[in-house]
Amino acid sequence: MAFDPSVYEDEKIKTTLALLAQGKSKQEITEYFGHKGWFTIDQYFRRRGFRWNGNTFVPEETDTPSATEDARFLNSKAGQIIRQLSQSSANIRQVALKNGFATVDEMGEYMKGQGFVWNSEQENYVYSESVGKKQRDTLTAASQVASQPVEGLEDYQQLLAYLLARKEKLFALLDTENEGTLPRYKFRGAKANKTLGFPTSLLTLLSDFSKEYNVTQRDIIEVALAEFFRKYGYEEQLNSVLQA
């Protein structure tokens, strides 16, 4: 869909761009509009054909989205780190610890292994095609070595190949931390399936939260619905379907 220049007449668009031009931070702009987080403003612009270029919002069609921008919605650990660092109040050391790294340098080595390098201007990791290619070549070479027979090491070669093929799952299992407690609701009735379509960005948040706090996606949705009913005048009906 072509970008519509008339969107610049939108009052919120004009105000936000003006504040950014004045050097206001994401946190200051978020507080100006009374939002809880920058994500609300980011999505407001995205729905109107903009994207964030690291400093301000620009029309989506003015440039091809970079691998770094695409990573904001990747269901991967690297994408999760980039999303966490894009928050206005992000602390790189806290992000490193939250994702299971002892130091920022250790997290940097991991991101380098995924093809990302640190950009001091954007204060985040950006994708480097040269680094990414080098890592792909290294993995290819490692796979070739693992596939070559070495007398007396067959079992170790099979194990290495198995671990390399499943390294993302292993990282996720080893680095999972449970840092919060959700309320629990026990509903009456048998389990039933229902298919719903969600935006990919919402599914990404759902997946990230599930991994970060070690809770199932079903539990998250049940809690979300229960809290929604409780907040918007359906508490009595909610209580009638909850187990005592």
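**Figure 1. Thr16 sits in helix α1.** Helix α1 covers residues 11–21, and Thr16 is one of them. Helices (H or I, at least four residues) and strands (E, at least two) are DSSP runs, numbered from the N terminus. Thr16 counts as buried because its relative accessibility is 0%. Buried means under 20% relative accessible area, exposed means over 50%, and partly exposed lies in between (1.4 Å probe, protein chains only). Setting aside neighbours within four places in sequence, Thr16 is in contact with Ile29, Phe33, Ile41, Phe45 and Phe57. Contact means heavy atoms within 4.5 Å.

This is a predicted model: local features need pLDDT of at least 70, side-chain atom pairs count only at pLDDT 80 or more, and totals for chains, interfaces and linings use all residues. Residues are numbered from 1 along each chain as its sequence is written, and side-chain values use heavy atoms, with hydrogens and water left out.

**Figure 2. The whole protein chain.** The secondary structure comes to 13 helices and 4 strands. Of the 244 residues in the protein chain, 31% are buried. Take the contacts between residues at least 6 apart in sequence: 52% of them join residues at least 24 apart.

**Figure 3. Helix α11 and its cover.** The 14 residues of α11 should span 20 Å at 1.5 Å a residue, and the end C-alpha atoms are 20 Å apart, which agrees. The expected span of a helix is 1.5 Å times one less than its number of residues. Which residues of α11 are buried? They are Ser201, Thr204, Leu206, Ser207, Asp208, Ser210 and Glu212. Their cover includes α3 (38–46), α5 (77–85), α6 (92–98) and α12. After α11 comes Asn214, with a positive phi near 55°.

**Figure 4. Asp208 and Phe209, both in helix α11.** Asp208 has 8% relative accessibility, so Asp208 counts as buried. Not counting residues up to four places away in sequence, Asp208 touches Gln80 and Arg83. Phe209 counts as partly exposed because its relative accessibility is 31%. Phe209 and Gln80 are 129 residues apart along the chain, yet their C-alpha atoms are separated by 9.9 Å.

**Figure 5. Helix α12 and its buried side.** Helix α12 (residues 217–231) has 15 residues. From first C-alpha to last, α12 reaches 21 Å, close to the 21 Å expected at 1.5 Å a residue. Its buried residues are Asp219, Ile220, Glu222, Val223 and Ala226. They cover an arc of only 165° around the axis, which puts them on the same side of α12. The arc is that of the directions from the helix axis to the C-beta atoms. An α-helix has 3.6 residues a turn, so residues three or four places apart point the same way. The buried residues of α12 pack against α11 (200–213) and α13 (235–241). Just after α12, Gly233 takes a positive phi of about 80°.

**Figure 6. The largest pocket.** About 1,100 Å³ of space lies in this pocket. Of its 31 lining residues, the closest to the centre are Arg218, Ile220, Ile221, Glu222 and Leu225. On a 1 Å grid over the protein atoms alone, a pocket is an open set of points where a 1.4 Å probe fits, with protein on both sides within 12 Å along at least five of seven lines; lining residues have an atom within 4 Å of a point. Grid points are joined across faces, edges and corners, and a volume is the space filled by probe spheres set on the points. Which helix gives the largest share of the lining? That is α12, with 11 residues. α11 and α12 each supply at least two residues.
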